[in-house]
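Open your viewer and get ready to select residues one by one.

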Amino acid sequence: MGPPQVRRFAAQVLRGQAQVTFLPSVATGVLFCVALFAAGWKYGLYGLLGTAVSTATARLLGADRERVTTGLEGFNGCLTGLCFAVFLGAGHLSTALLALGGCVVVTVMTAAVANVLGGWGLPTLTLPYCLLASTMTIAAPGFQRVWHQGTGLASLTSPASGPTALEPLDLVKGFCSAFAEIFFMPQWYVGLVLLVGLLIGSRRAAAVACLGNAVGIATAWALGAPAAQITDGTMSYNSILVALALCGVFLPARAATLTYALVGAAAATAVGSAMSALFAPSGGHTFTWPFVLTTLVFLAGAASFPRLTGPAARTEAPARTDVPARD
């Protein structure tokens, strides 16, 4: 692979990082890399190599060139690599080997999910990653050479407890941390760098993401979520992704779709709590399941509403195209 091919591949990998938030932007990918390395060099490495392995696998298997070029074959690998690092321990050789295999497998799963959902005109989103990540976290404690965390993740659900009052500083930290939680990172400053990356890639996307985040936080507070869960960003990161997907990515950006997207962002907050309760007894995790399920339902419903799906003016960021063409 010569220098031009290396540069082309590097751009594809960076776009794959950025496509976690639907942006095929090299500059955004660079900022996302910076944010992950700021959280810890091992996490930065797992995210970057996960994207690279999935992208390389897609290239070797002859995936659609446009999908590879725009990073659509890399974002599930990025999240898969990070997931293995966070839940299995980034410093173990077994984790690195499993993450490598997982990023290859998630590429195959992406193609499979695209072929199934494409028949209904629906995108893959992060469903391939969610399927693999849930399988891994549920199965891993059963293997001694894989599980290094001592106790398992399974737990019984219980009613929410703890104070619900929020201080202004809590709101600021929760707002920033929500962006970081998309990548499993809890640090508010990581989320701030990610937000800057979004802003560089698309001011419209950054604005929609901020609105989705605010709606998620407001919904969680109104329903009485513990302040600690709002402050750490876990109550609203799915809302960010839902808002982005439904306004300007899979639906045109306009007032009607923004309203629709924010309703979806609120719904994702409740779905997140439901998914946490559902997966807790088996040791699983919600990952981005609330985003996937909410977005697919709202996209399927949007097909019946012409005011949402009709033509619109050209948006700042190009729409994502991870729905395979149909004959």
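Start by selecting phenylalanine 175 and phenylalanine 179: both sit in helix H8 (residues 168-181), 4 residues apart, about one turn of the helix. Helices here are DSSP runs of H or I with at least four residues, numbered from the N terminus. You are looking at a predicted model, where local features need pLDDT of at least 70, side-chain atom pairs count only at pLDDT 80 or more, and totals for chains, interfaces and linings use all residues. Residues are numbered from 1 along each chain as its sequence is written, and side-chain values use heavy atoms, with hydrogens and water left out.

Is phenylalanine 179 buried or exposed? It is buried, with a relative accessible area of 2%, while phenylalanine 175 counts as partly exposed at 22%. Buried means under 20% relative accessible area, exposed over 50%, and partly exposed in between (1.4 Å probe, protein chains only).

Next, select phenylalanine 279 and tryptophan 289, an aromatic pair that is tilted, at 6.2 Å centre to centre and 35° between the planes. Rings of Phe, Tyr and Trp (its six-membered ring) pair if their centres lie within 6.5 Å; planes under 30 degrees apart count as stacked, over 60 as edge-to-face and the rest as tilted. This pair links distant parts of the chain, with phenylalanine 279 in helix H13 and tryptophan 289 in helix H14 (residues 289-302), 10 residues apart. Phenylalanine 279 counts as buried at 13% relative accessibility, and so does tryptophan 289 at 11%.

For a group of rings, select Phe87, Tyr129, Phe184 and Phe287, which form one aromatic cluster.

Now go to threonine 257 in helix H13 (residues 255-279). Threonine 257 is buried, with a relative accessible area of 0%. Which backbone oxygen lies 2.5 Å from a polar atom of its side chain? That oxygen belongs to proline 252, and the backbone oxygen of arginine 254 lies 3.0 Å from a polar atom of the threonine 257 side chain. Leaving aside neighbours within four places in sequence, threonine 257 is in contact (heavy atoms within 4.5 Å) with Leu246, Cys247, Leu251, Pro252 and Leu308.

For the last stop, select glutamate 73 and arginine 67, which form a salt bridge with their closest N and O atoms 2.8 Å apart. A salt bridge is a side-chain nitrogen of Lys or Arg within 4 Å of a carboxyl oxygen of Asp or Glu, and by this rule the count comes to 1. Both glutamate 73 and arginine 67 are buried.

Technical notes. Helices (H or I, at least four residues) and strands (E, at least two) are DSSP runs, numbered from the N terminus. A polar contact is a pair of N or O atoms within 3.5 Å; within protein, one must be able to donate a hydrogen and the other to accept it, and residues adjacent in sequence count only if both atoms are side-chain atoms.
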